Amino acid sequence: MARPGPGEVHMSQTIQPAHASSRGELSAGQLLKWIDTTACLAAEKHAGVSCVTASVDDIQFEKTARVGQVITIKAKVTRAFNTSMEISIKVTVQDMLTGVEELVSVAFSTFVAKPVGNKKIHLKPVTPLTEQDHVEYNLASERRKVRLQHEDTFKNLMKESSKLDDLIFDEEEGTVSTMDTSVQSIELVLPPHANHHGDTFGGQIMAWMETVATISASRLCRAHPLLKSVDMFKFRGPSTVGDRLVFNATVNNTFETCVEVGVRVEAFDCQEWSAGPGRHINSAFLIYNAVDDKEELVTFPRIKPVSKDDFRRYHGALARKRIRLGRKYVISHKEEVPLCVHWDVSNQESLSNGNVEAFKKLAAKSGWKVTSALEKIKIYTLEEHDIVSVWVEKHMEKPAHLAYHLLSDFTKRPLWDPHYVSCEVIDCVSEDDQICYITCPTVNGDKPKDLVVLVSRRRPLKDSNTYTVAVKSVILPSVPPSPQYVRSEIICAGFLIHAIDSSSCIVSYFNQLSASILPYFAGNLGGWSKSIEETAVSCIRFIENATNDGSISIF
């Protein structure tokens, strides 16, 4: 194993029976303790002074670890922001008999440097050394932006979710009342629970929170809950030895095979315990799957809110789910596995028809959820495992044939789509198919992206009134990747243009998001940007301002 670099700390632990759950797997609570300890030591190594946990967010659990295996935790400061810094954490497990090492978890912590007396702390900047360091350095700024915008984003999405979701439970069978999932527990903070600053150890608080959340989830599913992710542990204030900590956990909402459990922690000193309200010191939202005795995923029953607070938590879970969807890009920078096919002139008809068929299958899928609705625009998302797709529906006051004429000409797309800088046709394959070269603007300080795509256009058949424009990336030897750009990929995208009558139509844009395209959509999916709505408005204006012969007016 390579030696830790500057601002980096490694911890290795052999998993003992005392660290494990009743299933013989490393308990998530124990892992959270180790993560918090390692991250704190990495922060203090960089800062040179004592540091405290401000928050731990975007914890993803990819795999479980078992007794006898070795856990390795690597924590590193990715970027410093004056008095706070972000720590990235990567956890792996190694089987000592086979030597195989696998990813267990990734997480990000924010730590704050504690001032010494009245002296203000100004953290030294992090100097990226490798290309991956530079990537994480840039993404750390984006993640911080998301954290700072979280409260405003959450409030806006709460308003939207309450409009989009009609809660009708009275006649629905199989729902479970939130009261049936409520759990309360109490812990007395003793000296072994304190950290090296004398406050209650944050990792211990997180472990206690995980315990009550697991009990709450198990009451809903009557199965074995498995912690899959933690939305955020937010530390609002300290507690000390002698405090009584009261933990309240409730299932907020269910999403088929996963469930969100909210946990609130209040601290009481001796006087507060007897006479007054406690101090709200921590909150967290934990996401669980569950498996039955055959290790198969369990589908959770729907939750039935009862009180006003239950309904608020129900809608809050919907808002957080959307924020998590948008944060997928800024959590990590995954390398994309190339999926696009080599363009073969001898097989162009099959490739073209396959492009159209794949697009139609995407458009016909079920399970789309409305995430935004305006007067002329609706936005839907579809989650399938790790795949996210977007559908933008737009109502146009122009004939379908005109919208098709304008949208199928990709050289005009930079006129209305800010995600396109330029587009040129490099090969007219047939009357209905073209290969285009597209350049895109920079995002998050990265290099600009470029694409080589096959655009396949189809007019309606005799028994249909829907036009189709299908798009996918292809590899063309005559247009190799340029060092000036990052070659990106469109897996499956395009337009369906459906005529309503002779003077109006509905344009539906679909895109199965690849890792390279996701940065352009992440902010909108997460609710802290309106880029998709703004692009849709621009598209509507572009088409509705065109004359009926297809001429473009300036707007």
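**Salt bridges in a predicted model**

Biologist: Which side chains does R458 meet in a salt bridge?

Modeller: R458 pairs with D433, at 3.8 Å from N to O; a salt bridge here is a side-chain nitrogen of Lys or Arg within 4 Å of a carboxyl oxygen of Asp or Glu. R458 lies in strand β19 (residues 449-458) and D433 in strand β18 (residues 433-439), so the pair ties together parts 25 residues apart in sequence. Strands (E, at least two residues) and helices (H or I, at least four) are DSSP runs, numbered from the N terminus.

Biologist: Are R458 and D433 buried or exposed?

Modeller: Both are buried, meaning under 20% relative accessible area, with exposed over 50% and partly exposed in between (1.4 Å probe, protein chains only).

Biologist: What are the caveats?

Modeller: This is a predicted model, where local features need pLDDT of at least 70, side-chain atom pairs count only at pLDDT 80 or more, and totals for chains, interfaces and linings use all residues. Residues are numbered from 1 along each chain as its sequence is written, and side-chain values use heavy atoms, leaving out hydrogens and water.

Biologist: How many salt bridges does the structure hold?

Modeller: There are 24. Among them, D310 and R313 have their closest N and O atoms 2.5 Å apart.

Biologist: Where do D310 and R313 lie?

Modeller: Both are in helix α5 (residues 308-331), three residues apart, about one turn of the helix. D310 is buried at 6% relative accessible area, while R313 is partly exposed at 24%.

Biologist: And which residues do shared partners join into one network?

Modeller: R23, E25, R66 and E295.
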